Amino acid sequence: MATTQLTSAASSITTNGFASFEGLRASNAVKVSSFSPLKQNGLSLRSFRGLVVKSATTVAPKYTSLKPLGDRVLVKIKTAEEKTSGGILLPTTAQSKSQGGEIVAVGEGRTIGKTKVDIDVKTGTKVVYSKYAGTEVEFNGSNHLILKEDDIVGILDTDDIKDLKPLNDRVLIKVAEAETKTSGGLYLTDASKDKPSIGTVVAVGPGPLDEEGKRKPLSVAPGNTVLYSKYAGNDFKGSDGSDYIALRASDVMAVLS
């Protein structure tokens, strides 16, 4: 029976380094410098060299302005951390994807019923957005993200997630610590600890818009201990090492007392 052998004698994957916050991080690029021939029954097939795959859409230099439409905003992506808090350099593969940036342009807003609703966030505002939201574009040599206003989780003027000001129907929750022992007194390893789905509400957004463009207040308030959907929202680590999660109020299932 014929067999197919795939060999890769010399391949490398590189990612451009991140610049400062003002300069933003450069486009992630996966570069395959060489790909050794495929061999089938000892016969050499075609080689591929110089293949580059970019994760962001590049806007040609001849375009000097990018204006979002409708309820979309343009966010200048914050650089990812290149070092740990102890000063250890992180390899590219270990650097977490940024979820923050600065608003550099906004659309004209949207219409709900007969009401014209402007975008709440303004140019220059530092924001946190959903992890997989929007479309990434390389514009003026920097990485940006075009996303809907509703994909913005909240406003963050500091480097600590506990200071997040949620927008719309978002809720910021400080996650309860996982149990370290079983009911029988046995210590649990980190791998065997259940992911908590209980926490304390730290801050809430102003609420979603109704059909008349008015805000509907949320049913939870800061200080509430709540039970939330286990796989909802976006996870964050506070400067004190505490875990936080930002999610929609609809993902909160109950208030505990």
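Visitor: Which residue forms a salt bridge with D157, and how far apart are the closest N and O atoms?

Guide: In this predicted model, the partner of D157 is K165, with the closest N and O atoms 3.7 Å apart. A salt bridge requires a distance within 4 Å, so the pair D157 and K165 qualifies at 3.7 Å.

Visitor: What makes D157 exposed?

Guide: The relative accessible area of D157 is 55%. Exposed means over 50%, so D157 receives that term.

Visitor: Why is K165 called partly exposed?

Guide: K165 has a relative accessibility of 49%. The term exposed is kept for values over 50% and buried for those under 20%; K165 therefore counts as partly exposed.

Visitor: Why is the contact of D120 and R215 called a salt bridge?

Guide: Their side chains meet at 2.5 Å, N to O. The cut-off is within 4 Å, so the term applies to D120 and R215.

Visitor: Which parts does the pair D120 and R215 tie together?

Guide: D120 lies in the loop between strand 10 (115-117) and strand 11 (126-129), and R215 in the loop between strand 17 (198-204) and strand 18 (225-228), so the pair joins parts 95 residues apart in sequence.

Visitor: How do you know that R215 is partly exposed?

Guide: The relative accessibility of R215 is 29%. Since buried means under 20% and exposed over 50%, R215 is placed in between.

Visitor: How many salt bridges does the structure hold?

Guide: The structure holds 10 salt bridges. D150, D169 and R248 are linked in a network of such bridges.

Methods. Residues are numbered from 1 along each chain as its sequence is written. This is a predicted model: local features need pLDDT of at least 70, side-chain atom pairs count only at pLDDT 80 or more; totals for chains, interfaces and linings use all residues. Side-chain values use heavy atoms; hydrogens and water are left out. Helices (H or I, at least four residues) and strands (E, at least two) are DSSP runs, numbered from the N terminus. Buried means under 20% relative accessible area, exposed over 50%, partly exposed in between (1.4 Å probe, protein chains only).
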